[in-house]
Amino acid sequence: MNYNFRLLILSLFSFSLFLVGCKEDEIILSSEAEIKAFEISSLGQSGTISGTDITMSVPYGTDVTNLTPTISVSAGATLTPASGLARDFSSTVSYTVTAEDGVTTAVYSVTISVLDPEPVVISAFEVSGAE
């Protein structure tokens, strides 16, 4: 009986080690919070991303008060405000990227400038009827 008791204790101990070693795999969420691309497809233009600053120059006459950007972010991350919403870019606009882990964030500043008009060059001047 002593042998059976020892065998039972050894079996229970081995089984408990098995249970401890078989815990579920932890899901590791990404801490990456980046804007990967910033585009305004109606203008056919992409922004230049440098750190957390995004810049873009648009042609003279572009109405920057109602532009709809398409913004790509890190896998699993979310963007506030969301991509695809029209915004007024007459001054700097901020976007917050929240990583998949829900903790890590990055704030991006987007500045869109309107280019100056092309200069007009007068290459010839003629007055008709003048002698």
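## A lysine and two glutamates

Let's start with a charged spot: K36 and E32 join side chains in a salt bridge, N to O at 2.7 Å. The term covers a side-chain nitrogen of Lys or Arg within 4 Å of a carboxyl oxygen of Asp or Glu. K36 also forms a salt bridge with E34, where the closest N and O atoms are 3.2 Å apart. That links E32, E34 and K36 in a network of salt bridges, and the count by this rule comes to 2.

How covered are these side chains? K36 is partly exposed at a relative accessible area of 45%, E34 is partly exposed at 35%, and E32 is partly exposed at 31%. Here buried means under 20% relative accessible area, exposed means over 50%, and partly exposed is in between (1.4 Å probe, protein chains only).

## What you're looking at

This is a predicted model, in which local features need pLDDT of at least 70 and side-chain atom pairs count only at pLDDT 80 or more, while totals for chains, interfaces and linings use all residues. Residues are numbered from 1 along each chain as its sequence is written, and side-chain values use heavy atoms, with hydrogens and water left out.

The protein has 1 helix and 8 strands, running α-β-β-β-β-β-β-β-β along the sequence. These are DSSP runs numbered from the N terminus: helices are H or I with at least four residues, strands are E with at least two. Of the 131 residues, 20% count as buried. The protein exposes about 9600 Å², and carbon and sulfur atoms supply 56% of that; the areas come from the Shrake-Rupley method with a 1.4 Å probe, and for residues only the protein chains shown count as cover.

## Strands and their partners

Three of the strands make an open antiparallel sheet in the order β2-β1-β5. β2 (45-46) and β5 (70-73) stand at the edges with a single partner strand each, so one side of each has no neighbour in the sheet. Strands count as paired if DSSP finds at least two bridges between them. β1 (residues 35-40) and β5 pair over 4 bridges in the antiparallel sense, with E39 opposite T70 in β5.

Then there's β4. With β3 (residues 48-50), β4 pairs in the antiparallel sense over 3 bridges, and T48 stands opposite T55. The two strands form a hairpin with 2 residues between them, and G51 in the turn has a positive phi of about 65 degrees. With β8, though, β4 runs parallel, joined by 6 bridges; V58 has V114 as its bridge partner there.

β4 has I54, M56 and V58 on a covered face, and D53, T55 and S57 on an uncovered one.

The largest nonpolar core has 21 residues, and those with the most contacts inside it are I35, F38, F89, Y95, V97, V110 and I112. Such a core is a set of buried Ala, Val, Leu, Ile, Met, Phe, Trp, Tyr and Cys residues joined through side-chain atoms within 4.5 Å. β1, β4 (53-58), β7 (93-98) and β8 (105-114) each give two or more residues to this core, and the largest share, 4 residues, comes from β8. Setting aside neighbours within four places in sequence, V110 is in contact (heavy atoms within 4.5 Å) with several residues, including F38, I54, F89 and Y95.
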